[in-house]
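This briefing covers how chains pack against one another in a multi-chain model. Please read it alongside the coordinates.

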Protein chains: 6
Amino acid sequence: MNIPISIYEAVIKRAFEEDFCFADITTDNLIPENQISNAVFMAKQDGVLCGIEIALHTLKMLDPDIVIEVLKKDGDKLEQSDIVARVQGKTRALLKGERTALNLLQHMSGVATATNAAVCEIAGTDAFITDTRKTLPGLRALEKYAVTVGGGRNHRFSLSDAVMIKDNHIDAVGSITAAVENVRCRVGHTVKIEVEVRTLDEAREAVSAKADIIMLDNMKIPEMKKAVEVIGGAAIVEASGGIKAGILKEVAQTGVNVISIGAITHSVKALDISMKIF
Amino acid sequence: MNIPISIYEAVIKRAFEEDFCFADITTDNLIPENQISNAVFMAKQDGVLCGIEIALHTLKMLDPDIVIEVLKKDGDKLEQSDIVARVQGKTRALLKGERTALNLLQHMSGVATATNAAVCEIAGTDAFITDTRKTLPGLRALEKYAVTVGGGRNHRFSLSDAVMIKDNHIDAVGSITAAVENVRCRVGHTVKIEVEVRTLDEAREAVSAKADIIMLDNMKIPEMKKAVEVIGGAAIVEASGGIKAGILKEVAQTGVNVISIGAITHSVKALDISMKIF
Amino acid sequence: MNIPISIYEAVIKRAFEEDFCFADITTDNLIPENQISNAVFMAKQDGVLCGIEIALHTLKMLDPDIVIEVLKKDGDKLEQSDIVARVQGKTRALLKGERTALNLLQHMSGVATATNAAVCEIAGTDAFITDTRKTLPGLRALEKYAVTVGGGRNHRFSLSDAVMIKDNHIDAVGSITAAVENVRCRVGHTVKIEVEVRTLDEAREAVSAKADIIMLDNMKIPEMKKAVEVIGGAAIVEASGGIKAGILKEVAQTGVNVISIGAITHSVKALDISMKIF
Amino acid sequence: MNIPISIYEAVIKRAFEEDFCFADITTDNLIPENQISNAVFMAKQDGVLCGIEIALHTLKMLDPDIVIEVLKKDGDKLEQSDIVARVQGKTRALLKGERTALNLLQHMSGVATATNAAVCEIAGTDAFITDTRKTLPGLRALEKYAVTVGGGRNHRFSLSDAVMIKDNHIDAVGSITAAVENVRCRVGHTVKIEVEVRTLDEAREAVSAKADIIMLDNMKIPEMKKAVEVIGGAAIVEASGGIKAGILKEVAQTGVNVISIGAITHSVKALDISMKIF
Amino acid sequence: MNIPISIYEAVIKRAFEEDFCFADITTDNLIPENQISNAVFMAKQDGVLCGIEIALHTLKMLDPDIVIEVLKKDGDKLEQSDIVARVQGKTRALLKGERTALNLLQHMSGVATATNAAVCEIAGTDAFITDTRKTLPGLRALEKYAVTVGGGRNHRFSLSDAVMIKDNHIDAVGSITAAVENVRCRVGHTVKIEVEVRTLDEAREAVSAKADIIMLDNMKIPEMKKAVEVIGGAAIVEASGGIKAGILKEVAQTGVNVISIGAITHSVKALDISMKIF
Amino acid sequence: MNIPISIYEAVIKRAFEEDFCFADITTDNLIPENQISNAVFMAKQDGVLCGIEIALHTLKMLDPDIVIEVLKKDGDKLEQSDIVARVQGKTRALLKGERTALNLLQHMSGVATATNAAVCEIAGTDAFITDTRKTLPGLRALEKYAVTVGGGRNHRFSLSDAVMIKDNHIDAVGSITAAVENVRCRVGHTVKIEVEVRTLDEAREAVSAKADIIMLDNMKIPEMKKAVEVIGGAAIVEASGGIKAGILKEVAQTGVNVISIGAITHSVKALDISMKIF
């Protein structure tokens, strides 16, 4: 995990506020305060594990003396019935933390698994998969991390770390050329400039404006191929816009360098991992 | 929208912190500060709208003088190409707020749409659909609201508003009967007691312990039918545990009163709604 | 204590912000940084202890190496001069944390003591005492917990965990019957419906509408008795509205099931517990 | 109101988080979204009004278009049945905000009323009443304000705005004289030094050490009188320690300048003010 | 101002919490609640204005009805006695907000002015000035904005928006080449890779590893010149490390593209701007 | 350090949010997760150390198992090349925390050093140096602490802990005398009253109004001398208003008791302290 504790603890605290509110009226009234239980996290389906440190930290925040044995780490491929971790701690803490821990673990593993499926689909090509800014509010850092765990790479994290020139920006200044030039003399030297194009002519203009990256927005496969030729290595080429599982390899084989996919963060199926307390 | 502004503004602010961080280096450098644009929110696929007030409020937080025309409201069925709302405001605000507004709108509409599909599947039966606590951290209030917009109902919001007795609780006290009795004399009079059962015998014991609700956990259809008979109207019957689209009607026809589904919040496909600025 | 640390630490931090602001200009300038002292928490009057874990955690937040010996626990009856806990830690931490620790401990013990007095007053009857939503802003979770420590039970925690139909709601829909029916088909199955009534006729209507709970609002004793008869066990009966110490038993003997009292949270006398440092 | 909006809005938001959590399941399901109602705030008992601006702002946060007519202002003496304010706004907002508004208004008015009773009790003497740091966590700014509204004055707000030398500080340095001297050459020139004394000898030493304020801790009336003589106007004299209503005048007549009372903030009866919606 | 209100309001609220805490005991006690005053912001020395919108928003948060006339905008060169803005509003609000408004305005203008001095010093060369991550905690967004207002550009905002390979990273992997290659195949395509070098050999290796940017760390002028030659346009060249006013032009004339200076944010003199209320 | 951990952790967390945002894309990709390194904090110039505990805590928040050896403490005079502290911990934590730790340490040491220079300049006189409220937003507690570490004292922390009557207040009430009298009968007994004067006549009036402190605002040296005579020990005398290094001794020799200087907090040069990781 490369996210500092103080950052992800904030996410967990928010989840606690939603889920405890006032009390766990079942557990507080039925489970003795000092009863100890064991629990295992177990995969109920195949996938890529992500978030196990956060999930375990969730439990630790409720029982600082919890004993933890970690068997799988982020990035590991899980098969159904794999044991991911074993813990021993206060039954109350386990029962109260279970849902929050699993909600985080299943979502992050879901992102990693979806990403990995896309990565596998284009295996053997030179392209790589990235995410987008289409993330769930409050969870971007966790989701972007999960994408890397699944073998993808991160597109820009936010509006402040790369320039992305879209049609509205172009309209405001008059041309792709003007937009790239205007922005280049204002942003810092660590910033790359990406231009979104819809036609081969726009691609040509972006190349001559010396864009670092050219994004082919919603192009068909044959058009993509031509765009890659037109650009001829003068810029990194990104394919984007509703590219779905099943056609990823075909897209990759057009010669684009990057395929960015919103669905690996905005339309994720939770990976089924259970926490069995006994 | 029944969620007070001060509550959902906190979600939006968190999203802004993730997405602006320091600046929108593209827009701030290319778009004149006082330029005005129009924008439309348009459905790109069929579904149930949810979150339009929040999405528009997102833009208003960036441009308090924005002019808004709302054409569809939460709960409306959208068809592809339907215009949802029109706005006129500072181009900078529209470009900066677009992603946050859409991330919220698409996710909430995704939840409402998924819920509605389940609701439609059991139309004609007496059962209803509810959510679970399997929500994405930080978004529970919005997701629970979206479930109601989609025609579903809310299961308990948190650990403090209903008793849910699971096997761990039963083991700690010795029996379903003991668990229900212990908890009944401790919780307030506004609280219902739900017991999770796995066999007909457990269902019988829950009935005689006067549980308000009995949850049939991961039962097969024929077993559910028998459980409904055994319970005989003495408690509300909830079917739960990996119940998927396609078999909902069959489940509903067993006579259960409630079907709770985690997937309508934890595994949601964003509904494709665009925001076109021009 | 059933409230997770991360939740009550937030209350303590807020108190620290109010009380330290910038420095403890007396202690920082007079007490050597590493001086160690002992301290005892001692009851100065009889009552029910509540909040000792939070009070001690307050000190621990200022001196993580503090040594703590706990002699009394939440719910214990205190007599004047009882020692509640002994601590040994940095003198500076003890002096800085004293006021915050005591403010929390005295208030929570005050709530528990007031609740317990009410509980004792109705001993021998079948009724029980509950709190209301008349709590001090920012302290509801702690106060609701203290009520249970004092032997009372919790009424609904918030507007989201039970339906409470008041005259304004009835007026909006036309009748008690309409109100109950409308709300029943919208809220989840874990939610009970309470109706506030002022007359016997309203009580009758609430019964026939199948309200789960009927609240007798500001009724006189003889009227309460009649209402209990009218309801005849068909719903839980709650007496509410300015019911004061001294008449609680009489109210309980009318046969109501629940007496809810705002004063046990909104008008509480701090229980006098001192912290002597030496 | 002298507290800036951004400060007290934080208190209100915290109260909203406790009270709404997810939804107002009664009001959201029964009251039409755009229904408008009138409401009046009315005194149900005599007392001093405090917090009306905050209470009304609470409603405004839920309905920005609310129309407000203020009839009484903070500090006004209320008689039973006095109308304090009238509002017209969305019924939903009124119903949702009612409890939070009243919880704040009743507590602040309770503090002002309790303070005022103490102030009246010593009318005709030269002493004045102050509060202490025995305030409810999270509410100090509001309670300290309410004390001034009730005619009292504020003792130090926090550990950083005045020196208060207690026995622990004296023990650490050896003597009152040493303590006062040590602290005087370290704190800023805007800070007064108060010394807590238990005997006449300590009072004498505090005078010769040039303490600005001398607090007579838990002294009997005759001893107080002697202490006042001993001090002879060389320092401000504060009486403190469990001084209760009924003996305040006697205490004031000993010649002390200040009587500080914890009970006006830590043991306050809510002032009964209702909000009637119709 | 390109920073959204909700982001900079958080900074202002934090300042209010520090400066009001409980009350403005001077103003609240002496100035009538509804008294209106005028005020002007006036430059007391020459410099570059920055932060006027934030300063004025500070006052508006205390008096929403304040009337504002803005005469100078961010980036304008100020001469002593220039009027920057005129406001008319509640005297209390002006007095309470003055210090916070000025603390922000003077610091931000100080950053812009220091930056501008550096920018002017290298006028006529092709180099530009950037900031660093040496910013004051909690103020980075405001300081980075002020740098652009002063004519500088922003270096990376945070650890997440550009790769900066230092000796520790190189040591961990074995060589500059290995470090650049390892990181290139992991970070996204929008990220540039900068390598810090201390010798010409390292510069050569960075070039052949295809670093996007090469930072010459603490090099002497003649060495810088040689490094620029060695690099020969194959990468952007950044000079860094204690480069002070007075030698900036000489540094720029070595042919480096970028000079990054920590002092324009970490060692800033407040620009003297007053707020006169009358 | 007299500031409680929970208070300064909030500052550090804010800095982390600015500096990590999402990831340290260099370190996370190049440094093995469990690699351990040593680091030293070393003075690169002479000055007064301040903030070492906070700087080290910053690293501990990223690696709770870090081993720390502290060689210098707050207030120690540093000479160039002095080792301040040695640490051993995870390389990743050291690299990620370095900038935040140094930004805090260098700024706080800068404040302490600037203060100390002023203190030394007036050595041998009876005057002392204080800060003002001209602090950087969000950092007041740390800066005020650093002033004391440098040998200065704190002026009032906020608007709530001392009265400061300025011309606007005087104008509102009519005269210095009226202002002092009005405020004296409203503020608490722990509060001193300071009056800002510009002429000898005003100083005379402030004396006869029994102000506790008289601030000579922007007076010339000879006028200050006369003011000190006029006041004749009847009040503490503070010199204020653009008093710069170089004339401090002359000012002190006029007989004023206090010299308050904004520049020691608002215009501070970071003290150059490095953190070398190896």
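What follows describes the interface of chain D and chain C, then the relation of chain A to chain B.

The model is predicted: local features need pLDDT of at least 70, side-chain atom pairs count only at pLDDT 80 or more, and totals for chains, interfaces and linings use all residues. Residues are numbered from 1 along each chain as its sequence is written, chains are lettered from A and ligands numbered from 1 in the order written, and side-chain values use heavy atoms, without hydrogens or water.

**Extent of the D–C interface**
- Chain D places 61 residues in contact with 61 residues of chain C (contact: heavy atoms within 4.5 Å).
- About 5,100 Å² is buried between the two chains, with 57% from carbon and sulfur atoms (buried area: accessible area, 1.4 Å probe, lost on putting two parts together, summed over both).
- D:L30, D:P137 and D:L159 supply 14% of the area that chain D buries against chain C, more than any other three residues.

- Six salt bridges are found across the interface of chain D and chain C (Lys or Arg side-chain nitrogen within 4 Å of an Asp or Glu carboxyl oxygen).
- C:D19 and D:R133 form a salt bridge, with the closest N and O atoms 2.8 Å apart.

**Relation of chain A to chain B**
- The same surface serves both copies, as 98% of the contact residues of chain A recur in chain B.
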